[in-house]
Amino acid sequence: MAEQVARLASERAVVVFTKSGCCMCHTVTTLFGELAVSAAVHELDKEPLGKEMERELARRLGAGAGAGGRGGAAVPAVFIGGNLVGGISKVMAMHLKGELVPMLKNAGALWL
């Protein structure tokens, strides 16, 4: 399953793994839309191997201890330039620090 996630994560400059009813997933995809970034979005609850991919993402994110102690929060999982950046907290923190836009430019996701 690691190969499947890696393949999907490298298909575009920005890839977001989400679930269709997740408000934090909606928030991160909206942020990228407002930044004019065309992210590939994979809704795991609509993917045939979604449960397995979610487990792989949880493993990569260390989701048992992450997500404010909620545990199991594998989505949203954001990849930029094929590399796992993290979840909503990491992406928003980078954005507030002014680190997200330069990373997106370096990955070729922004042309500004």
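This is a short chat about the fold of a predicted model.

Visitor: What should I know about the model before we start?
Guide: The model is predicted, so local features need pLDDT of at least 70 and side-chain atom pairs count only at pLDDT 80 or more, while totals for chains, interfaces and linings use all residues. Residues are numbered from 1 along each chain as its sequence is written, and side-chain values use heavy atoms, with hydrogens and water left out.

Visitor: How many helices and strands does the protein chain have?
Guide: The protein chain has 5 helices and 4 strands, taken as DSSP runs numbered from the N terminus, with helices being H or I of at least four residues and strands E of at least two.

Visitor: In what order do the strands form the sheet?
Guide: The order is E2-E1-E3-E4, in an open sheet with mixed pairing, where two strands pair if DSSP finds at least two bridges between them. Strand E2 (40-43) and strand E4 (83-86) are the edge strands, each pairing on one side only.

Visitor: And in which sense do E1 and E3 pair?
Guide: Strand E1 (residues 14-18) and strand E3 (residues 77-80) pair in the antiparallel sense over 4 bridges, and Val15 has Phe79 in E3 as its bridge partner.

Visitor: Changing topic, what radius of gyration does the protein chain have?
Guide: The protein chain has 13 Å, which agrees with the value near 13 Å for a compact globule of 112 residues; the radius is taken over C-alpha atoms, and the globule rule is 2.2 Å times the number of residues to the power 0.38.

Visitor: What does the C-alpha trace span?
Guide: Along its principal axes, the C-alpha trace of the protein chain spans about 35 × 30 × 20 Å.
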